[in-house]
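Please open the model in your viewer and keep the selection tool at hand. The tour moves from one selection to the next and says what is found at each stop.

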Amino acid sequence: LRNFLDLFYNEQEAFKLIEEEAQLIYQKDHLYSWVNLDKLRWGHNYDDYSEQIQYLKRFIKRRRAYIMNNYLEDCPPSPSIEYSGQENFPADALRFSYTLSTLSSSEKIDSIQWRISNIDKPDNLLTTNYKYEIKAKWIANFSSTDTLINIPKEVIRPYRYYSVRARVRNSDGYFSHWSTPIQFYAIPPLKCYGKGLSITEIMYKPSDSCGVEFIELQNQTKDYLDISRFKISGGIEYRFPKKTVLAPNAYLVLTKDAEDFETTYNQTAFGEYKGKLSNKGEEIVVLDNFGSPIDSVVYHAQNKQLALANGKGYSLELYYNAPNNLDSQYWTVSDCPCGSPSSAHPSYSKPSSTIDNTLDTQPAYIKTKNYLPFSEYIKTQRHQTSE
């Protein structure tokens, strides 16, 4: 009951619901509405529906006060919470702490529960599609001795508003009221996560007799790379599970059909994505667990010099010793039919003539982007982020 009162049955949240539902049947400035039809059909005598809205709001205030005064006993004190993380609430450095007022000598606190919810912008002027705090984004229980907690990186997305609360539970199993919330706007993470993870092979249009659609990624660093909750987006969609760690220089393959892939290549794909790679070309984006882009590839099917990848049974491959994957000259077709997932790629040697990559004459077969931490976006103006 305390949970319901604190998170929904109050002036801020319940009033929003009343306004949102009222908008479906009544618009004061409109000549006709469902309210007018109701009056005509049933002969109701109320003059102004706005007064009915206010009546519901007054009812909630009275009922809430009555419940608070008569039905809530054996309640431990609510905790006070503070923000203890980095300035301006970066998404990867959120820390909160709590304190409790003096307890009675017989009362013992067993645990503390934290919750985070998406909320609307404080000056939100919308009248529909509100975000309600009672819908939790994240809930976790901790020992009462854990006075300082770090918010997991996969919980928060930059450019969004959040509300954080905590409550304690005593040894009798009773919860306190939720604390007064801390509301904040999350800014991009301080660090760039997943740097060095690159798309290195694309089988977007296998032939009828050879190959299965797939993409290959490689950790091109000398360190283990935690890609938990990273996402592949574009024409295909895939979210990496928790505790996914890629070894140095290791490959990882995602496919449209895991069973066919294993039959064709005699190896197991890491995962099976949703959707399908376009035969005409599209952008494939790698997003970190904050939703920020770290790498992308735009491939096209018009370049005649790489036509073997267009339904002929070959894949697009990044040269293994390419200095980067930014330039189309560092991409080629696979040496062998059906592609070479999880295998070493051919070496790069500078071509004697340069392929024309201008869109006016011959579209670039492939072009890629590398993304930098947010602090570098403004400096380089290479990529603009949005909510």
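## Cysteines and cores

Begin this predicted model by selecting Cys-75, which is partly exposed, with a relative accessible area of 30%. Next select Cys-336, which takes part in no disulfide, since the nearest cysteine sulfur, belonging to Cys-338, is 7.4 Å away, and a disulfide requires the two sulfur atoms to be within 2.5 Å. Cys-336 is likewise partly exposed, here with a relative accessible area of 33%.

Looking along the link of Cys-210 and Cys-338, you will find it left-handed, with -130 degrees about the S-S bond. Cys-210 sits in the loop between β8 (197-203) and β9 (214-219), while Cys-338 sits in the loop between β20 (331-333) and β21 (366-370), so the pair ties together parts that lie 128 residues apart in sequence. Both Cys-210 and Cys-338 are buried.

From there, turn to the largest nonpolar core, which has 59 residues, and select Trp-114, Ile-156, Ile-202 and Ile-232, the members that touch the most other members. Staying with Ile-232 and leaving aside its neighbours within four places in sequence, show its contacts, which are Ile-215, Leu-217, Glu-237, Tyr-238, Phe-240, Leu-254, Ile-284, Val-285 and Val-286. As a last stop, select Ile-18, Ile-60, Ile-67 and Tyr-132, which are included in a second, separate core of 15 residues.

Note on methods: Residues are numbered from 1 along each chain as its sequence is written. This is a predicted model: local features need pLDDT of at least 70, side-chain atom pairs count only at pLDDT 80 or more; totals for chains, interfaces and linings use all residues. Side-chain values use heavy atoms; hydrogens and water are left out. Helices (H or I, at least four residues) and strands (E, at least two) are DSSP runs, numbered from the N terminus. Buried means under 20% relative accessible area, exposed over 50%, partly exposed in between (1.4 Å probe, protein chains only). A nonpolar core is a set of buried Ala, Val, Leu, Ile, Met, Phe, Trp, Tyr and Cys residues joined through side-chain atoms within 4.5 Å. Contact means heavy atoms within 4.5 Å.
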